[in-house]
Amino acid sequence: MKSPDFNQVVDRHNTGSIKWDFLEQYLHLNTTDLLPMWVSDFDFQSPQEVLQALSSRIEHGIFGYSERDDRYYQAVIDWFSRRHQLTLYRDWFTTVEGVIPGLALLIQMLSKPGEGIIVQGPYYSSFAKIITMNGRVLIENPLIECPEGYKIDYNHLEHLLAQHRPPLLLLCNPHNPTGRCWDRDELRQLLLLCKQYGTTIISDEIWADLTLPWGKFTSILHLGSEWHNNVIIATSASKTFGLSSLRISNFLIPNPALRQDFHHRLHAHGLDVFNSLSMTAATTAYQAGDRWLDKLQDYLVENRHWFEQALTSSVPWCHMTKAEGTYLAWLDCRQLGFDDNTLQQLLIQKAKIAVSMGCSFGDQGKGFIRINLGCPRQYLEKAINGLAKLTQ
């Protein structure tokens, strides 16, 4: 199998790509000359092994009702054992078409309308959407901004837990948008507080495979069975292998009672049949994707180093937050002194790039932007040239 060429530019226009084809609908931008760097999917082809497996499955030509088979479960279990030294059990698995739909169903199952759910800002905007649109109250536990990255404010968290007694906390690990990978001590302290106040943690670990060499992913499940009654883990191959539209995710629920309730909810919504192409793609990726992922991680590290150096030399007013995971860059633009609306207009009109505005991640994101580094290098070169124009 030939080595992947991540510098190759693949035209994604007219493929139904949200990032490339739907700027006007999603961001209300009616210009066609913007470089899209906002959605967190990357601009690389998936592994050739996955493409070949999908081609073979399509050639079969029959797409009746499908279910997960032994190969699917074993591929996921083996991957987490091999890549993360984490033991998973088949009994823990519940499967949903996408992490966000699964989180929304769990919010409905484990909380009541009007109750609060804790998130840690700057938070992924879809967390806010599924909380508020399900009639729950978003309670923000802002992260502490530090030179070495973001930290959890445990004193404020305990205050919130004591005051609101929330049934749920949504954790993002590795964290989107900041790129923090929470370590074992941080997670233990979080678990202790949540257990004390009867709060269940749902940990979105979709970025687990995309750590940087100086970062280490630690799952809540790494901390042992003593915490299993109060944790649910969300995983997927989608971020790792570029399979976001072939939606399939696994929610790992060690607590049998919680798992049975979730199974019941899935069946109540008719979510008991799975996309055969999604299962083929995820199974093959987990079985044969190691070498490809190693190459991807090397390229993403090179992209991050290059981008940070280019910022220092050409865009000195922009500071990139230190990250340990993801392929996202969380950029501090506050030195410019612009409000978010002005900053966005300058990015559109002068820089000619479409980014995720930090204010969409809550109050903690004001003055920041999030840029996707998961792209061929020439896109990053265009982005740097564009950012440099903001002060010219």
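**Domain arrangement, core packing and strand pairing**

The domain assignment divides the protein into domain 1 (18-47 + 289-388) and domain 2 (62-287), with bounds taken from an automatic or database domain assignment. The model is predicted: local features require pLDDT of at least 70, side-chain atom pairs count only at pLDDT 80 or more, and totals for chains, interfaces and linings use all residues. Residues are numbered from 1 along each chain as its sequence is written, and side-chain values use heavy atoms, with hydrogens and water left out.

Taken over C-alpha atoms, the centres of domain 1 and domain 2 are separated by 25 Å. Their contact (heavy atoms within 4.5 Å) takes 34 residues from domain 1 and 42 residues from domain 2. Between them the two domains bury about 3,000 Å², of which 55% is on carbon and sulfur atoms; buried area here is the accessible area (1.4 Å probe) that two parts lose on being put together, summed over both. The count between domain 1 and domain 2 is 5 salt bridges, a salt bridge being a side-chain nitrogen of Lys or Arg within 4 Å of a carboxyl oxygen of Asp or Glu. D294 forms a salt bridge with R83, with the closest N and O atoms 3.0 Å apart.

The largest nonpolar core comprises 92 residues, and L88, I201, F251, F262 and L296 have the most contacts inside it. Such a core is a set of buried Ala, Val, Leu, Ile, Met, Phe, Trp, Tyr and Cys residues joined through side-chain atoms within 4.5 Å, where buried means under 20% relative accessible area, exposed over 50% and partly exposed in between (1.4 Å probe, protein chains only). Helix 5 supplies the largest share of this core, 8 residues. Because domain 1 and domain 2 both give residues to this core, it lies between them. Leaving aside residues up to four places away in sequence, L296 touches F6, F42, F44, L210 and T240. Another core, of 32 residues, lies apart from it and includes C318, M320, L347 and A388.

Helices (H or I, at least four residues) and strands (E, at least two) are DSSP runs, numbered from the N terminus, and two strands pair if DSSP finds at least two bridges between them. Strand 9 (residues 231-236) has 6 of its 6 residues buried, with V231, I233 and T235 on one side and I232, A234 and S236 on the other. Strand 8 runs parallel to strand 9, joined by 4 bridges, and S203 of strand 8 stands opposite I233. S203 counts as buried because its relative accessibility is 0%; the residues that S203 touches, not counting those up to four places away in sequence, are L171, N173, I220, I232, I233 and A234.

Strand 9 is also joined by 4 bridges to strand 10, in antiparallel fashion, and T235 has N250 as its bridge partner. Strand 10 (residues 249-252) is in turn joined to strand 2 (residues 93-96) by 4 antiparallel bridges, with V96 opposite S249. F93 and T95 point one way from strand 2, T94 and V96 the other, and all are buried.

In helix 6 (residues 125-132), the buried residues are S126, F127, A128, I130 and I131. These pack against helix 5 (99-110), strand 3 (116-119), strand 4 (137-140), strand 7 (168-172) and strand 8 (200-204).

A further open sheet consists of 4 strands in the order 11-12-15-14, with antiparallel pairing. Strand 11 (319-320) and strand 14 (356-357) stand at the edges with a single partner strand each, so one side of each is left without a neighbour in the sheet. Strand 14 is joined to strand 15 (residues 368-372) by 2 bridges, and S356 has R370 as its bridge partner.
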